[in-house]
Structures are given as structure tokens and as C-alpha cells.
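Before this structure is passed on, here are some comments on how its parts are put together. They are arranged as numbered points, each of which can be checked in the viewer.

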Amino acid sequence: MDATSQAVGTTATAGSPVVGGQAGPADPLVPYLSADFPWYGLDDAWTGRRYLMQAGAGGVRTGAASVDYGTLGHGEDPARQYEPRDTRKFAVVVTVARRDSRRSADNTGTLEATSASSAAWLAGCGLLTATWPGQLDRALRQDWLEQQSAIAWDLADDLSGPGWSTLSLPVNGLPQPFRYRESEYGWVLAGEAPGVLLGAYGRGVSAYGTGFATVPDLTTYTCP
């Protein structure tokens with residue numbers, strides 16, 4: 001299982017990006033533009049709102065922090081807690097760079113190569129962050145998050161297992177196989193794309209009707 005998951009804690013909101021554990025520039029586009037891989041979002045079939053979310057650094061190369069993954073949002077802002085009557089509709093695309101074995105962000109160890117499991121883990125954690133049950137008190141909420149995170153980790157580490165099904169979706173217009181699963185909180189999928197690994201999560205938007213494409217102009221994600 002890829003250790004990019006350890007970098008989840010270094011992400012930040014688009015308004016205050018973090019790269020390599022350091023506060024980034026005020027312009028939320030900067031960490032995205034500094035990435036050395038293509039970004040993916042929903043294709044042109046999606047006509048709704050698009051927005052920047054997070055960019056994260058998972059390792060160090062040639063002495064400098066690298067952007068190794070990031071997320072682009074579509075639809076409404078994901079809720080920070082789940083309620084049974086929550087009608088928010090959103091889909092978030094997770095782009096993960098293809099990386100060989102590399103140094104950790106603190107330069108004290110080595111991270112494994114990224115894989116589709118990396119994208120599945122990041123997408124699963126994203127869904128958990130957006131949908132924890134609001135009725136839980138703080139202590140129970142933490143227990144729930146730890147339990148669900150462990151489940152998400154195990155599932156991501158076994159994409160060929162019974163917890164996943166196969167779903168074919170277009171990437172740049174060509175069908176591509178993904179691994180897919182649903183829960184009461186939403187759906188998660190993971191697969192590959194030219195140059196990167198892809199994950200996605202959402203709720204209220206059908207995963208079966210989604211398609212992915214490279215983003216030629218990231219400013220389309222900076223509109224209110």
C-alpha cells in the first residue's frame with residue numbers, strides 16, 4: 001500500500017494551500033500550476049460549478065517539496081458532516097502523480113511508489129472528511145473516523161477484493177476500467193489515466209454518468 005496516505009495531513013483548503021508542510025502563497029492556483037503532471041476533472045458533460053479544493057505534497061525530490069496529488073470539486077461544497085436529509089450534490093476528482101520510490105516529506109524515510117490504491121485511499125478519506133455523522137459528539141466522532149479510516153485503508157489496499165466492483169468510464173473520451181464501491185455516505189472509485197492515477201468520490205451525482213478529462217485551463221476552477 002502506498003504511503004502517500006501519510007501526506008493527507010499536509011493538505012489545506014484552496015485559500016491557504018500547503019506544500020511540503022509550509023504555508024503556500026495566497027493564490028490558490030500556484031500549487032496546482034507547479035505540479036509536474038496533468039490535472040483531471042469531470043469532462044465537458046458536466047455543466048455545473050467547478051472549484052479548486054486542495055493540493056498536497058507527499059515527498060521530496062531534489063531537495064524541494066513536490067506537489068504529488070490534489071483535488072478538484074464539482075457541484076456543491078461537500079458537507080463537513082452527514083445528515084440523513086443532506087441533499088448536497090458533489091463529485092470530487094483526485095489526481096495523483098505517478099511516483100517511484102521517493103523520500104518522505106520530512107526527508108527521514110522512503111515512500112513506496114504510488115498506485116491506484118493511493119488514489120482510492122485519498123478518495124476514501126475525502127469522502128469520510130465530508131460525511132462524518134453530525135449527531136456524534138467529539139469523542140465518538142474521533143472513534144468513528146478512526147474506525148472508518150481503517151476500513152478505507154483495508155479496502156484501498158485490496159482493489160481486487162469483493163468490496164469493489166468494476167466500472168468502465170470515459171477518460172479523454174476513451175473507456176477506462178475503474179474500481180468502484182458505494183456506501184450510505186456516497187461512492188468512491190479509483191483507476192488510471194494517462195500520466196496519473198485517478199480517484200473520485202461523491203454523493204447525489206451518479207458515478208455511472210461521470211467521465212474524466214485533462215483540464216486545459218485551471219482558471220475554469222477559480223470562478224465563484
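1. Is histidine 74 buried or exposed? In this predicted model, histidine 74 has a relative accessible area of 0% and is therefore buried, since the cut-off for that class is under 20%. Histidine 74 belongs to strand S5, which covers residues 64-75, and its side chain comes to 3.4 Å from the backbone oxygen of leucine 72.

2. The surroundings of histidine 74 deserve a careful look. Leaving aside residues up to four places away in sequence, histidine 74 touches Gly41, Leu42, Trp46, Arg49, Arg50, Tyr51, Lys89, Phe90, Ala91, Val93 and Tyr221. Two of these contacts, Arg49 and Phe90, return below, Arg49 as a partner in a salt bridge and Phe90 as a member of an aromatic pair.

3. For the chain as a whole, the secondary structure consists of three helices and 13 strands, and buried residues account for 50% of the 224 residues.

4. How many salt bridges does the structure hold? There are four, and one of them joins the side chains of arginine 99 and aspartate 36, with an N to O distance of 2.9 Å. Arginine 99 sits in the loop between strand S6 (90-97) and strand S7 (102-103), while aspartate 36 sits in the loop between helix H1 (29-33) and strand S3 (40-42), so this pair ties together parts that are 63 residues apart in sequence.

5. Arginine 99 also forms a salt bridge with aspartate 68, and here the closest N and O atoms are 2.7 Å apart. Because aspartate 68 lies in strand S5 and arginine 99 in the loop between S6 and S7, the pair ties together parts that are 31 residues apart in sequence. Through shared partners, salt bridges join Asp36, Asp68 and Arg99 into one network. Aspartate 68 and arginine 99 are both buried, the relative accessible area of arginine 99 being 10%.

6. A further salt bridge brings together the side chains of aspartate 77 and arginine 49, at 3.3 Å from N to O. Aspartate 77 is in the loop between S5 and S6 and arginine 49 is in the loop between S3 and strand S4 (50-61), so the parts tied together by this pair are 28 residues apart in sequence. Both partners are partly exposed: aspartate 77 has a relative accessible area of 38%, and arginine 49 has one of 34%.

7. Turning to the aromatic residues, a search of the whole structure finds five aromatic pairs. One of them is formed by phenylalanine 90 and tyrosine 201, an edge-to-face pair with 6.4 Å from centre to centre and 75° between the planes. This pair links distant parts of the chain, as phenylalanine 90 is in strand S6 and tyrosine 201 is in strand S12 (residues 196-203), 111 residues apart. Phenylalanine 90 and tyrosine 201 are both buried.

8. Why is the pair of tyrosine 180 and tyrosine 208 edge-to-face? Their ring centres are 5.4 Å apart and their planes stand at 65°, and an angle over 60 degrees counts as edge-to-face. Tyrosine 180 lies in strand S10 (residues 174-183) and tyrosine 208 in the loop between S12 and strand S13 (212-214), so that distant parts of the chain, 28 residues apart, are linked. Tyrosine 180 counts as buried at 4% relative accessibility, whereas tyrosine 208 is exposed, with a relative accessible area of 53%. Elsewhere, Tyr32, Phe37 and Trp39 form one aromatic cluster.

9. A last point concerns serine 165, which is placed in strand S9 (residues 165-171). With a relative accessible area of 33%, serine 165 is partly exposed. Not counting residues up to four places away in sequence, serine 165 touches Phe178, Arg179 and Tyr180, and Tyr180 is the ring partner of tyrosine 208 discussed above. The C-alpha atoms of serine 165 and leucine 189 are separated by 9.3 Å, although the two residues are 24 residues apart along the chain.

Notes
Residues are numbered from 1 along each chain as its sequence is written. This is a predicted model: local features need pLDDT of at least 70, side-chain atom pairs count only at pLDDT 80 or more; totals for chains, interfaces and linings use all residues. Side-chain values use heavy atoms; hydrogens and water are left out. Helices (H or I, at least four residues) and strands (E, at least two) are DSSP runs, numbered from the N terminus. Buried means under 20% relative accessible area, exposed over 50%, partly exposed in between (1.4 Å probe, protein chains only). A polar contact is a pair of N or O atoms within 3.5 Å; within protein, one must be able to donate a hydrogen and the other to accept it, and residues adjacent in sequence count only if both atoms are side-chain atoms. Contact means heavy atoms within 4.5 Å. Rings of Phe, Tyr and Trp (its six-membered ring) pair if their centres lie within 6.5 Å; planes under 30 degrees apart count as stacked, over 60 as edge-to-face and the rest as tilted.
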